[in-house]
Amino acid sequence: MAAGQDLIELKFRLFDGTDIGPQKYSPSTTVQSLKEKILAQWPKEKENGPRTINDLKLINAGKILENNRTLADSRNPVGELPGSLITMHVVVRPPIADKKNDKLMNDSPKQPRCSCSIL
């Protein structure tokens with residue numbers, strides 16, 4: 001039973017206010033594996049969903065969590081009650097412009113540009 005008390009209960013709040021979870025995780029769970037679970041459970045009917053874990057950012061207590069960190073590393077002890085449910089926010093990175101669009105910009109004639117220097 002002591003091991004069960006060590007588990008951290010999380011839910012993931014999506015950009016539209018819906019949630020994935022709650023579910024309990026070990027403190028040794030990495031942020032990367034949480035993103036993999038979110039990707040697998042992402043509602044298929046939502047538009048602009050993530051394609052890979054690199055499209056996702058997890059935010060807890062205003063901090064973006066790094067993939068190689070564990071839940072234990074990423075916890076914010078201030079304001080957390082033992083055994084309470086923690087809500088992490090999920091942000092989907094917008095798709096990056098493809099190379100064709102970039103090439104079109106680079107092929108266009110050079111426009112005069114202004115630059116400022118602060119001395």
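Me: How many residues are in the protein, and what percentage of them do buried residues make up?
Reply: Buried denotes a relative accessible area under 20%, exposed over 50% and partly exposed in between, computed with a 1.4 Å probe on protein chains only. This is a predicted model, in which local features need pLDDT of at least 70 and side-chain atom pairs count only at pLDDT 80 or more, while totals for chains, interfaces and linings use all residues. Residues are numbered from 1 along each chain as its sequence is written, and side-chain values use heavy atoms, with hydrogens and water left out. Of the 119 residues in the protein, the buried share is 25%.

Me: In which element is confidence lowest, and in which is it highest?
Reply: The predictor's confidence in each residue is given by pLDDT, from 0 to 100; the protein averages 79, and 69% of the residues score at least 70. Helices (H or I, at least four residues) and strands (E, at least two) are DSSP runs numbered from the N terminus. The lowest mean, 48, belongs to helix α4 (residues 99–107), and the highest, 95, to helix α2 (residues 31–41).

Me: In what order do the five strands form the open sheet?
Reply: The protein has four helices and five strands, and from the N terminus on the elements run α-β-β-α-β-β-α-β-α. Two strands pair if DSSP finds at least two bridges between them. The pairing is mixed, and the order in the sheet is β2-β1-β5-β3-β4.

Me: Which strands stand at the edges of this sheet?
Reply: An edge strand here has a single partner strand, so one side of it is left without a neighbour in the sheet. The strands in this position are β2 (19–25) and β4 (63–64).

Me: In what sense does β1 pair with β2, and in what sense with β5?
Reply: β1 and β2 form a hairpin with five residues between them, and Gly17 in the turn has a positive phi of about 95°. Across this pairing, Glu9 stands opposite Lys24 and Phe12 opposite Ile20. On the β5 side, Lys11 stands opposite Thr87. With five bridges in the β1–β2 pairing and five in the β1–β5 pairing, the sense is antiparallel with β2 and parallel with β5.

Me: Which residues of α2 are buried?
Reply: Helix α2 lies across β1, β2, β3 and β5 (85–92). What covers its buried residues includes β1, β2, β3, α3 (71–74) and β5. The residues in question are Val31, Leu34, Lys35 and Ile38.

Me: Within what arc do these buried residues fall?
Reply: The arc is that of the directions from the helix axis to the C-beta atoms. Seen down the axis of α2, the buried residues line one face of the helix, because they fall within an arc of 100°.

Me: Is Phe12 buried or exposed?
Reply: Phe12 lies in strand β1 (residues 8–13). Not counting residues up to four places away in sequence, Phe12 touches Thr18, Asp19, Ile20, Tyr25, Leu34, Ile38, Leu58, Met88 and Val90. Its relative accessible area is 2%, so Phe12 is buried.

Me: Is Gly49 buried, partly exposed or exposed?
Reply: Gly49 is placed in the loop between α2 and β3 (56–60). Leaving aside neighbours within four places in sequence, Gly49 is in contact with Trp42 and Val92. With a relative accessible area of 29%, Gly49 is partly exposed.

Technical notes
Contact = heavy atoms within 4.5 Å. Axes fitted to C-alpha atoms, helices over the stretch in contact; angles between N-to-C directions.
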